[in-house]
Amino acid sequence: GGCARSGATRTTCPYCGVGCGVIATAGDDGQFSIKGDPDHPANLGRLCSKGSALAETLGSEGRLLYPEIGGVRTDWNSALDLVAETFRQTVAEHGPDSVAFYVSGQLLTEDYYVANKLMKGFIGSANIDTNSRLCMASSVAGHRRAFGADVVPCSYDDLECADLVVLVGSNTAWCHPVLYQRLAAAKAARPEMKVVVIDPRRTATCEIADLHLPVRTDGDVALFNGLLAHLAETGTLDHAYIAAHTDGFAEVRGAVNGVSVSDVARQTGLSAVAIRRFFSLFERTEKVVTCYSQGVNQSSLGTDKVNAIINCHLATGRIGRPGMGPFSLTGQPNAMGGREVGGLANMLAAHMAIENPNDRERVQRFWDSPVIAHKPGLKAVDMFDAVADGRIKALWIMSTNPVVSMPDADRVRAAIEACPFVVVSDIEKRTDTTRLADVLLPAAGWSEKAGTVTNSERRISRQRPFRLAPGEARPDWWQLAEVGRRMGFAEAFAWSSPAEIFAEHAALSAFENEGGRAFDIGAHAGIDTEAYDALAPFKWPQRSDEASAERRLFADGRYFHPDARARFVAVQSTAPLRVSPDFPLVLNTGRVRDHWHTMTRTGRSARLSAHTAEPFAELHPLDAVEHGISDADLVELSAENGARVVLRALLSDRQSRGCVFVPMHWTGETASLGRVDTLVSPVTDPVSGQPASKHVAVTARRY
Ligand code: SF4
């Protein structure tokens, strides 16, 4: 239940996709303490540095406390009336596609559900996209191609019982720390377990690695295509599985035919010895889990990388069984929940497809809505392009800071500045994005709002409030519902609590037909407030006939394509080469251990800020020599788009030659102190629309 004991509240950490359970307890002095929830299946009591510092981030300094119009405090009614009236009028004059919502994997599922319902079913556009587009869109697209649905087939305990864990483009130790702790503990208990890390950088995760493959940026497809060729040549394929449960193998087999280790070495920059060692480990070990994260997703080949990995699991039948499978580690706390309610421009709701007329009809009937979006909306990068060129005239940004996090961030700032009407809902008063708002709406934050989130292993957990929101801050779902009501849709947005929204979301997901769809939590349709308050963490699917079951997806070899077969996807292995003589270095962006996103929360903790005091550019010492840079110098990085960023040089042989790493968290008022996404070009994956934030051509010089 929600109440761990008197004065204590069970909730979940707001940071990463591990989704750890925490218990917040009020002390006699009114201060809260946070500890790991020993009963939550994600973390079993563990926390990382960020989670354990949560109590230090609760201060209300800098919070946005009241609605503002044009920078002046106002009341909720005036602000909401203005938002509703401007959106209504813009749609009336310019059509539904002239407005957009840009939302966030920080929103709770209930917030997301309401935003999606308002945009797709009542405004009639699919122009709702999310910062999850920068996070896991390539995994979503890869899963849909292979499995027919956006399904992550593994669980955290599969990692612990695997004999080989392959971590691709994932600094798990820093970005999914509790999962890393679980993995490290499992390996300590069973030293025969092997860990392989595939990453251009020798990250902290390599501390438990038996083998580190410093793959060339975007060399992953070549590596996994080579692996498939090796598995075929060594008789490791499961032909019975391929025949019974898959489609498209012949084409993929043909595409990798004759690929040799030396081909792979040439394409990946890896040594033949290291490649053979990896291939042989994969060949000899049945229980393999391959985890992938932003190093796979944030690429112009992201979706192909995902499918190259899944191909190897399908071809060996190593999926749907304990300790085996491809496993996408989701970055944000609720990127999965957003996917489930359709919070991406190319999805509908409950994993239904916007292109499918039956799905559209079903959702519209369920919502009893006047319209339904009938084509995919604009994905993040395209959405801000449409803001820039005036196609989008009213924009509502919720719980995210695109002026820092979007590629070509200066251009995104200029686009938002030029947009006729910008609404920003946030907990912070002053961010690079709130500065540009016409209307500011104060949002309730973690510890203040109620709802659910879904973690990387498909586990839905409650977030529960344990304090009041400061000032007049209100939850995002409430803000959206109020605007929906004021736009004339009173009945459809009449909820009085997140419990009612979750009950509706679960009912919409309930699918009548046997074997129907992946996302189905019909067991919770119509859940009442009491049961919602007590809701224990559970994994989807949970159909109406399987309350409290935990089903292993694909255990029966059935997938979600209409013929129930999985698909092999033939993927090309040539990595794009973006560097040039003028911009010879590959910039890679990512996280540091103790900060989250643009630091609006973690920046409040002195302890967390102490780990890495300032942004830096990590370079290989030999590259530094070539560019006339010494350790701790200030360096200026510049990119083809003309943007420049000044940072402290950090020389380290953990970095591959020709690469430079810069953390993504910092921002700067003047010049471009640390706002690294100004350098990132808006190159995206053609299938997923996810930006290639880890492959940007730059040059460096002493500042
Ligand atoms: Fe929070 Fe992630 Fe750390 Fe768990 S691992 S405590 S969810 S930041």
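Predicted model: local features only at pLDDT ≥ 70, side-chain atom pairs only at ≥ 80, totals over all residues.
Me: Which domains is the chain divided into?
Reply: The chain is divided into domain 1 (8-57), domain 2 (68-134 + 335-510 + 519-539), domain 3 (153-329) and domain 4 (585-702). These bounds come from an automatic or database domain assignment.

Me: How far apart are domain 1 and domain 4, and how many residues are in contact?
Reply: Their C-alpha centres lie 30 Å apart. Six residues of domain 1 are in contact with nine residues of domain 4; contact requires C-beta atoms, placed from the backbone, to lie within 7 Å. By class, the domain 1 side of this contact has two nonpolar, two polar and two charged residues. Here Ala, Val, Leu, Ile, Met, Phe, Trp, Tyr, Cys and Pro count as nonpolar, Asp, Glu, Lys and Arg as charged, and the others, Gly among them, as polar.

Me: Now the strands. How do strand 2 and strand 3 run?
Reply: Strand 2 (residues 21-26) and strand 3 (residues 32-36) run antiparallel and are joined by five bridges. Strands (E, at least two residues) and helices (H or I, at least four residues) are DSSP runs, numbered from the N terminus. Two strands pair if DSSP finds at least two bridges between them. I23 has K35 in strand 3 as its bridge partner.

Me: What does G30 do in that hairpin?
Reply: G30 takes a positive phi near 85° in this hairpin, which has five residues between the strands.

Me: What is the order of the seven strands in the open sheet?
Reply: The order is 5-4-16-15-14-6-7, and the pairing is mixed. Strand 5 (72-73) and strand 7 (128-130) are the edge strands, each pairing on one side only. Within this sheet, strand 6 (residues 99-103) runs parallel to strand 14 (residues 394-398), with four bridges between them.

Me: On to helices. At what angle do helix 3 and helix 20 pack?
Reply: Helix 3 (residues 109-123) and helix 20 (residues 476-486) pack at an angle of about 25°, with their axes 7 Å apart. Axes are lines fitted to C-alpha atoms, for helices over the stretch in contact, and angles run from 0 to 180 degrees between N-to-C directions. The two helices are therefore roughly parallel, a term for angles under 35 degrees, whereas those over 145 count as roughly antiparallel, 65 to 115 as roughly perpendicular and the rest as oblique.

Me: Which residues meet there?
Reply: E110, D111, V114, A115, L118 and F122 in helix 3 meet D476, W477, L480, A481 and G484 in helix 20. By class, this contact has seven nonpolar, one polar and three charged residues.

Me: What about helix 8 and helix 11: where do their axes come within 9 Å, and at what angle do they cross?
Reply: The axes of helix 8 (residues 220-233) and helix 11 (residues 261-268) come within 9 Å and cross at roughly 170°. That makes helix 8 roughly antiparallel to helix 11. A222, L223 and G226 of helix 8 make the contact with V261, D263, V264, Q267 and T268 of helix 11.

Notes:
Residues numbered from 1 in each chain as written. Contact = placed C-beta atoms within 7 Å.
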